[in-house]
Amino acid sequence: MTSSKTISDSVGYSKSVESRLKVQHLPQYKPKSASSAGSDVIKGLTQTPKCLSPHYLYDDRGSELFEQICELPEYYVTRTEAAILQNCAEEIAQLTGACEFVELGSGSSTKTRVLLDAYQNLGLPLHYLPIDVSAGILEASARQLLVDYPSLKVHALAGTYEQALGELERSELPTRMIGFIGSSLGNLTPQQCNDFLSHITAGLQLGEYFLLGVDLQKPKSILEAAYNDSAGVTADFNLNVLDHLNSRFDGNLDRNKFEHWTFYNETKHQIETYLRSLETQTAELSALNLKLNFEEGETIHTEISRKFDIDGIQQLLGSKGLVTQKIWTDENNWFALILSKLS
């Protein structure tokens with residue numbers, strides 16, 4: 001009898017999870033051919049200097065490696081932001097009231113739990129819309145959250161930020177908060193940043209909220225150690241771009257013939273990350289009909305990570321109608337969380 005009841009309860013609970021979960025794979029994110037999917041790869045790898053969009057860092061393996069990076073002693077970003085969030089989550093929930101939380105680049109949703117706990121502790125309904133290009137980790141983390149939060153409803157969207165923001169329907173709750181935490185804004189160029197914030201405002205109604213995490217300017221030695229850790233996890237993360245391209249576009253790029261190279265550009269206030277060819281070599285991405293030639297020392301630019309000052313980011317948000325409501329920082333002023341409202 002006990003065994004049957006346990007199985008019955010398990011099945012019932014599984015049905016409860018499924019009834020609260022919706023996973024939407026955006027059709028735009030599944031192009032009809034690899035060639036159309038890789039048009040940006042062709043453009044980036046045939047120009048001088050070569051470059052790739054940073055979203056190619058984040059296949060399922062890349063997302064797993066980034067989660068490991070977040071635990072590294074040199075990578076201050078995640079633990080600093082997490083500590084700020086622990087201190088301010090309840091205040092955020094009080095400021096917004098009941099709201100639908102849309103998270104861009106949700107990954108494993110680890111920090112999300114801090115916010116969910118705050119809203120739950122105040123007796124507010126929980127609606128969560130995680131957005132990520134890595135469909136595997138997106139669905140896995142959503143299912144775990146539903147097990148841990150019995151009143152939570154999740155609508156997961158697999159695709160790019162722009163695609164997903166364009167798919168948002170009006171919130172079922174009184175308001176909405178879009179969250180972009182984890183310092184990812186720094187991966188965008190100034191023009192991309194401007195365009196991105198336009199997508200944010202398009203996804204909000206007047207009076208709705210935007211929660212933004214930004215990494216602040218600090219000494220070069222701290223920054224360069226964070227992006228070139230002693231264990232080599234960041235290097236593995238960067239080199240995984242080659243494996244991702246090979247898998248997706250039937251390629252033969254050899255990661256053993258490249259190295260991870262990163263440094264802090266003090267003039268532009270940004271970390272710059274590259275893959276650098278260790279020798280003269282050729283490679284091919286067959287699905288794109290693309291042949292590649294590399295000279296020894298030639299680079300592929302894979303990512304930037306800009307570092308901000310608070311006044312500058314407030315001005316940028318204000319130019320889009322996003323008025324700052326509250327700013328939280330750590331004692332070192334290394335990182336900031338900014339809650340703004342579309343006005």
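One definition before we start: the domain bounds I use come from an automatic or database domain assignment. And keep in mind that this is a predicted model.

So, the domains. The assignment gives domain 1 as 39-65 + 233-306, and domain 2 as 75-219 + 308-342. How far apart are the C-alpha centres of domain 1 and domain 2? They lie 28 Å apart.

Now the contact between them. On one side, 10 residues of domain 1 take part, and they meet 14 residues of domain 2. The size of an interface is often given as the accessible area lost when the parts come together. Here the area buried between domain 1 and domain 2 is about 1,100 Å². Carbon and sulfur atoms give 48% of that. In domain 1, three residues lose the most area to domain 2: Asp60, Ile304 and Arg306. Together they make up 52% of what that side buries.

On the domain 1 side, helix H4 (60-69) and strand E12 (299-306) are the elements that give two or more residues. E12 gives the most, with 4 residues.

Next, the inside. The largest nonpolar core has 69 residues. Which of its residues touch the most other members? Leu245 and Leu285. Helix H5, residues 76-96, supplies the largest share of this core, 8 residues. The core also draws at least three residues from each of domain 1 and domain 2.

Look at leucine 245 itself. Leaving out residues up to four places away in sequence, Leu245 touches Val41, Leu45, Leu52, Tyr56, Asp250, Gly251, Leu253 and Leu285. There is also a second, separate core, with 29 residues. Leu104, Ile131, Ile200 and Leu342 are among them.

On to charges. By the rule used here, the count comes to 16 salt bridges. Take arginine 61 and aspartate 236. Their closest N and O atoms are 3.6 Å apart, and the pair forms a salt bridge. Arginine 61 lies in helix H4 and aspartate 236 in helix H11, so this pair ties together parts that are 175 residues apart in sequence. Are these two buried or partly exposed? Arginine 61 is partly exposed, with a relative accessible area of 36%. Aspartate 236 is partly exposed too, at 24%.

Now a contrast in setting: aspartate 215. Its salt bridge with lysine 307 brings the closest N and O atoms to 2.7 Å. That pair links distant parts of the chain, 92 residues apart: aspartate 215 is in strand E7 (residues 209-215), and lysine 307 is in the loop between E12 and H12. Both residues are buried. Aspartate 215 has a relative accessible area of 1%. It also forms a salt bridge with lysine 218, again with closest N and O atoms 2.7 Å apart. Lysine 218 counts as buried because its relative accessibility is 9%, and the cut-off for buried is under 20%.

Salt bridges that share partners also build one network, joining Arg61, Glu64, Asp236, Asp243 and Arg255.

Let's stay with arginine 255. You'll find it in the loop between helix H11 (233-249) and strand E8 (258-265). Setting aside neighbours within four places in sequence, Arg255 contacts Asp236, Leu239, Asn240, Leu242 and Asp243. With aspartate 243, its side chain makes a polar contact of 3.3 Å. Its C-alpha is 9.4 Å from that of leucine 275, 20 residues away along the chain.

Another loop to find: serine 108, between strand E3 (99-104) and helix H6 (112-121). Serine 108 is partly exposed, with a relative accessible area of 24%. Beyond its neighbours within four places in sequence, it contacts Glu67, Ile137 and Ser141.

Last stop, helix H12, residues 310-319. At its start, a side-chain oxygen of aspartate 309 reaches to within 3.3 Å of the backbone nitrogen of aspartate 311. After H12 comes glycine 321, with a positive phi near 85°.

That's the tour. Questions, please.

Key. Residues numbered from 1 in each chain as written. Predicted model: local features only at pLDDT ≥ 70, side-chain atom pairs only at ≥ 80, totals over all residues. Heavy atoms only, no water. Core = buried A, V, L, I, M, F, W, Y, C linked by side-chain atoms within 4.5 Å. Buried < 20%, exposed > 50% of the residue type's maximum accessible area, 1.4 Å probe, protein only. Contact = heavy atoms within 4.5 Å. Buried area = accessible area lost by both parts, 1.4 Å probe. Polar contact = N/O pair within 3.5 Å; in protein donor to acceptor, adjacent residues only side chain to side chain. Salt bridge = Lys/Arg side-chain N within 4 Å of Asp/Glu carboxyl O.
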